[in-house]
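Dear colleague,

I am passing on the structure we talked about, and my notes on it follow below. Please read them with the model open beside you.

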Amino acid sequence: MKKCLALSGGVGGAKLALGLSKILAPEELTVIANTGDDFTHLGLDICPDLDTVMYTLAEVSNRELGWGQAGETWNFLEALSRLGGETWFRLGDRDLATHIARTSKRRQGASLSDTTRELCGSLGIEYPLAPMTDDDVKTIVHTDNDQTLSFQHYFVRDRCEPRVTGFHFEGIENAAPSLTFIAALEDPELALIVICPSNPFVSVDPILELPGVMDRIGSTPMVAVSPIVGGQAIKGPAAKMMNELGMPQTATAVAEHYVQKYGCALTGFFVDTEDAPLQADIQALGLETIVTNTVMVTLQDRIDLAQQIMDFANRL
Ligand code: FO1
């Protein structure tokens, strides 16, 4: 059996995870989501990337917003606004139920992994989805006026406007991968690790930099899908961050970032047909470079990309 471990941030990763879930059985696919975006807001434990993947796998995600649930209503937020509450972080009514259910379970002592498993069960998801860690890891954004911002303040409150100079992941040195993550990495039938098309700096790096992850990857083949197509991110601030970090906004620069940090482990790199001219440069980094459609508009796009990735694993 060829098992796959998908590492995901938010929207882009969730799309590919859904595609993989359509061609693999539940015992063949584990999805690990970044938790560096997580924060406590209005007393609620919010886990954006976990929720985006969870709602996507349950096929109830709000595809216009990229977060929360389809058909969302906003009565809670309007009522909160009337009471002078904080409304910069928009919580829809259905989404609010997830945060309240999760927070209630967490306050009773449940781990984030156990809570996620219960929520996924309630949504009818058969595929294992787990946080990268059950410990507290927070992505902190460093900006050019020597400020540090929590991720959600940077991403939502300040609309990604501050110029970034770097990041650090508070608490990561004392954090351990979740048990589901470790079990997937140590599974002798693990055939492929997929770095989904997520933000390299704030979605992928927190997952791979967790102590105990890289040394467990060992010789397991790992591929990455570029989140940059034609110099742009499909969604989110990845290209803007690359520019501010002095990197070219190209798929090649993403490949270089991964090779520099995780070199030996990376075997292949998927770029969109628009970036076919970059194939030779990326091959020169020692990566088998596959050119295909990586822009997932339809469900079939998600499935086709997932199939291309598993075909790559079968060729190894
Ligand atoms: N992103 C926004 O740009 N604006 C919001 O108001 C917002 C609310 C929100 C509520 C719940 C949730 O799970 C995610 C939410 N996000 C919002 C996205 C969130 O900022 C994530 O960090 C992104 O998905 C980036 O990964």
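**Notes on the model**

Ser 150 counts as partly exposed because its relative accessibility is 28%, where partly exposed is the range between buried, under 20% relative accessible area, and exposed, over 50% (1.4 Å probe, protein chains only). This is a predicted model, in which local features need pLDDT of at least 70 and side-chain atom pairs count only at pLDDT 80 or more, whereas totals for chains, interfaces and linings use all residues. Residues are numbered from 1 along each chain as its sequence is written, and side-chain values use heavy atoms, with hydrogens and water left out.

Ser 150 belongs to strand β7, residues 148-150 (strands are DSSP runs of E with at least two residues, helices are runs of H or I with at least four, and both are numbered from the N terminus). The C-alpha atom of Ser 150 is 24 Å from that of Ser 104, although the two are 46 residues apart along the chain.

Turning to the ligand, 13 residues surround it, and the closest are Asp 37, Asp 49, Trp 67, Arg 90 and Gln 152, a residue being counted if one of its heavy atoms lies within 4 Å. By class, this shell has 8 nonpolar, 1 polar and 4 charged residues. Helices α2 (48-57) and α6 (151-157) each supply at least two residues of the shell, and the largest share, 4 residues, comes from α6.

Several polar contacts (pairs of N or O atoms within 3.5 Å; within protein, one must be able to donate a hydrogen and the other to accept it, and residues adjacent in sequence count only if both atoms are side-chain atoms) are listed here. A polar side-chain atom of Asp 37 lies 2.9 Å from an oxygen atom of the ligand, and the side chain of Asp 49 likewise places an N or O atom 2.9 Å from a ligand oxygen. In the case of Arg 90, a backbone N or O atom lies 2.9 Å from an oxygen atom of the ligand. Taken alone the ligand exposes 530 Å², of which the protein buries 88% (Shrake-Rupley areas with a 1.4 Å probe).

Gln 152, located in helix α6, counts as buried because its relative accessibility is 4%, and a polar atom of its side chain lies 2.9 Å from the backbone oxygen of Asp 37.

Lastly, Pro 277 lies in the loop between β13 (266-272) and α12 (279-283), and with a relative accessible area of 66% Pro 277 is exposed.

With best regards

Note on methods:
Ala, Val, Leu, Ile, Met, Phe, Trp, Tyr, Cys and Pro count as nonpolar, Asp, Glu, Lys and Arg as charged, and the others, Gly among them, as polar.
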